[in-house]
Amino acid sequence: MTGSPADPMRVNLLEVFGEPDADRRAAAIAENYAEDVVWHEPDRVNHGRAEFVRRAAELLAEAPGRVFRPTGPASGLDDIGHLGFHYGPADGQPPVVSGMDIARTRDGVIIELYTIITGTSRPS
C-alpha cells in the first residue's frame, strides 16, 4: 500500500472501528497494519495484529449502538497521520467521547497507533 499516511487513518476509523462485521474488520486490519503493530490506548498498550483484532472487537462489543465519526479530514505529514473522532450514539446525539488517533506509518501501513482522548461527557 502506498499513498499518504492519511489513507490508513481513514481506514482505521471507518473500516476498522466503524465495521460491525468481524471478518471485514479483520481483513482491513490485515491490510492496513503491520504484523507487529503497537497500539497505545490511554490505559493499556496492545502488541501485534492479533491483539489489535481482539481488542477492536472487544471495544465494539462494549457499546452497541455507538459509532465513531471523524471530526474532520485525515491528515498526514511524512510518516505521521492523524484523525480526530467523536464516539457516541448512532442517532446523532452528542458524543460521549472525543479524541484523536495519531499513527506512524511505514510503506503505507500503520506500525504504531496512539489513541488520545480529548474529552468525555457523562450521560445524565
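In this predicted model, residue D78 counts as exposed because its relative accessibility is 71%, and the cut-off for that class is over 50%. D78 is found in the loop that connects β4 (75–77) with β5 (80–89). Its phi is near 55°, a positive value in a residue other than glycine. The two strands on either side of this loop form a hairpin with 2 residues between them, and D78 belongs to the turn. Strands β4 and β5 run antiparallel and are joined by 3 bridges. Within this pair, G76 stands opposite G81 of β5.

A second hairpin is formed by β6 and β7, again with 2 residues between the strands. Its turn contains D107, whose phi is positive at about 55° although D107 is not a glycine. In the chain, D107 lies in the loop between β6 (97–106) and β7 (109–120). With a relative accessibility of 66%, D107 also counts as exposed, since the class begins over 50%. The strands β6 and β7 run antiparallel and are joined by 10 bridges. One of the residues taking part is T105, whose bridge partner in β7 is I110.

Strands β5 and β6 pair in the antiparallel sense over 8 bridges, and I80 has R104 as its bridge partner in β6. Strand β3 (residues 66–70) also pairs with β5, in the antiparallel sense and over 5 bridges. In this pair, P70 has F85 of β5 as its bridge partner. Strand β1 (residues 33–41) pairs with β7 in the parallel sense over 4 bridges, with H40 standing opposite Y114 of β7. In a regular strand, the side chains alternate between the two faces of the sheet.

The protein as a whole contains 3 helices and 7 strands. From the N terminus on, the elements follow the order α-α-β-β-α-β-β-β-β-β. The radius of gyration is 14 Å, close to the 14 Å given by the globule rule for 124 residues, so the protein is as compact as a globular protein of that length. Taken along the principal axes, the C-alpha atoms fill a box of roughly 45 × 30 × 25 Å.

One of the helices is α3 (residues 49–62), in which R54 is found. R54 has a relative accessible area of 35% and is therefore partly exposed, a class that lies between the 20% limit for buried residues and the 50% limit for exposed ones. The C-alpha atoms of R54 and A26 are separated by 9.3 Å, while the two residues are 28 residues apart along the chain.

Of the contacts with a separation of 6 or more, 43% are made by residues 24 or more positions apart. Of the 124 residues, 40% count as buried. The accessible surface comes to about 6800 Å², and carbon and sulfur atoms account for 54% of this area.

Definitions and conventions
Residues numbered from 1 in each chain as written. Predicted model: local features only at pLDDT ≥ 70, side-chain atom pairs only at ≥ 80, totals over all residues. Heavy atoms only, no water. Buried < 20%, exposed > 50% of the residue type's maximum accessible area, 1.4 Å probe, protein only. Pairing = 2+ DSSP bridges. Rg over C-alpha atoms; globule rule 2.2 N^0.38 Å. Contact = heavy atoms within 4.5 Å. Areas by Shrake-Rupley, 256 points an atom, 1.4 Å probe, with all protein chains shown as cover.
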